[in-house]
Amino acid sequence: MQALQSPKTPSQLLWLGTWSLGGEGFGPTDLGESLATIQMALEMGIKWFDTAGFYAHGRSEELLAKALGRARKQVAISSKGGLVWHGRRVFHDGSPSGLEKALLQSLRRLRTDYLDLFSLHWPDPHVPLEESVGALERFKERGLILEWGVCNLSPVQLSSLFQARPGTYHQVQFNLLHRDRAVLEAGRSSGCTNTVYSPLAQGLLGAPRLSKGMAVLGKKDARRRNPLFRDPAVLDWARRFHALCKDSGVSPVAAAYSWVLLDGRVDRVISGAKTRSQLGEVLRAAEAVGRLCGERDSSRRAKALAALLSPELIKHMETPPCSTWPLTRQPGKD
Ligand SMILES: NC(=O)c1ccc[n+]([C@@H]2O[C@H](COP(=O)([O-])OP(=O)(O)OC[C@H]3O[C@@H](n4cnc5c(N)ncnc54)[C@H](OP(=O)(O)O)[C@@H]3O)[C@@H](O)[C@H]2O)c1
């Protein structure tokens, strides 16, 4: 499989993610609207749908199966294993037997006999990466999955793992507030498809309301575990970003997506749109820059951004808050 290059249309660029659609961890969710959002994505030609057994304790997968119905074979489903719930706490299980159990559960919840892509959700600190990947390769040999992938690897892990296996998918967080370009570089040199998630930093860049941070998140909101939502420097930066977007008459969603899509190393973006209206806005943002996505010439990409955004906004976007947070933080633990 070759890494996909130079996509142009929003439906080629975007995957729809289902974490926030599942009704858990992202504030009040109207599940009817979640179904309608997936159906709108289908109508708009989106082909890839990303989910995980971890999302909403499996309910995101069930919801996706319900929304896709008979359209399942016309689309690609990406799911993941390697994180397990014990009550309200999350643990790693990247062992071959743990991954097999997770895959079989995902197939059952998704009402399908194969997945287009199954990935290791996070490397398990107690299981060698090669052991987890070996299990994924065997699932492919057995015909349970068409492709396997990995998520959240460091540049070193990525380079050593993919030297022998170019062309697979790596999911990694990438947005204005979490700019790990080294991992995208490593993905590019290893020949894998850089599939980035959280383009709006879990909503912080999408709505001014969320730049109040923890104060506006409910007790059960999964974003309480995201260090961005409690870092005063990050929240100040986000407030200024929203104010500058307002002043220059551009939507923050358009600004944040344009920056991600025009990076040049980004192959695919997984959108976390939770409603049809949010998805519509994301599609418009991708439409506006789609022509230049995958463009290798950085000056042409910079010109495209300058045509869309004011110089003051671009300057702000070029100077991120100086806080950093570890990429390798344990899911479910702060
Ligand atoms: N492999 C991994 O480890 C991993 C990790 C995280 C995510 N993912 C995948 O990536 C997908 C996307 O990640 P994400 O959910 O963090 O994406 P995101 O788009 O950064 O955040 C989603 C949140 O942003 C807000 N939002 C989305 N579109 C908006 C719009 N047009 N206008 C205003 N606000 C908007 C919503 O917040 P409100 O709910 O407050 O409205 C939504 O819940 C996930 O669904 C999942 O499939 C993978």
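## A parallel barrel and its ligand shell

Strand 3 (residues 76-81) and strand 6 (residues 115-120) run parallel and are joined by four bridges. Strands here are DSSP runs of E with at least two residues, helices are runs of H or I with at least four, and both are numbered from the N terminus; two strands pair if DSSP finds at least two bridges between them. Please keep in mind that this is a predicted model, in which local features need pLDDT of at least 70, side-chain atom pairs count only at pLDDT 80 or more, and totals for chains, interfaces and linings use all residues. Residues are numbered from 1 along each chain as its sequence is written.

**The barrel**

- Eight strands, in the order 1-2-3-6-7-8-9-10, close into a barrel with parallel pairing.
- Neighbouring strands of this sheet are turned against each other by 30° on average, direction ignored, with axes taken as lines fitted to C-alpha atoms.
- As a reminder, strands of a sheet pair through backbone hydrogen bonds, either parallel or antiparallel.

**Around the ligand**

- The shell around the ligand has 29 residues, of which G17, Y197, G203, G206 and G272 come nearest; a residue belongs here if its C-beta atom, placed from the backbone, lies within 6 Å.
- Strand 10 (268-271) and helix 10 (276-289) are the elements that give two or more residues to this shell, and helix 10 has the largest share, with three residues.

**Q278 in helix 10**

- Q278 lies in helix 10 and counts as buried because it has 20 C-beta neighbours inside 10 Å.
- The C-alpha atoms of Q278 and T37 are separated by 8.9 Å, although these residues are 241 apart along the chain.

**Confidence**

- The protein averages a pLDDT of 91, and 93% of the residues score at least 70; pLDDT is the predictor's confidence in each residue, from 0 to 100.
- Residues 1-5 have pLDDT below 50, and pLDDT stays under 50 over residues 325-334.
- Where pLDDT is low, the predicted coordinates should not be read in detail.

Note on methods: Contact = placed C-beta atoms within 7 Å. Axes fitted to C-alpha atoms, helices over the stretch in contact; angles between N-to-C directions. Buried ≥ 20, exposed ≤ 12 C-beta atoms within 10 Å, placed from the backbone.
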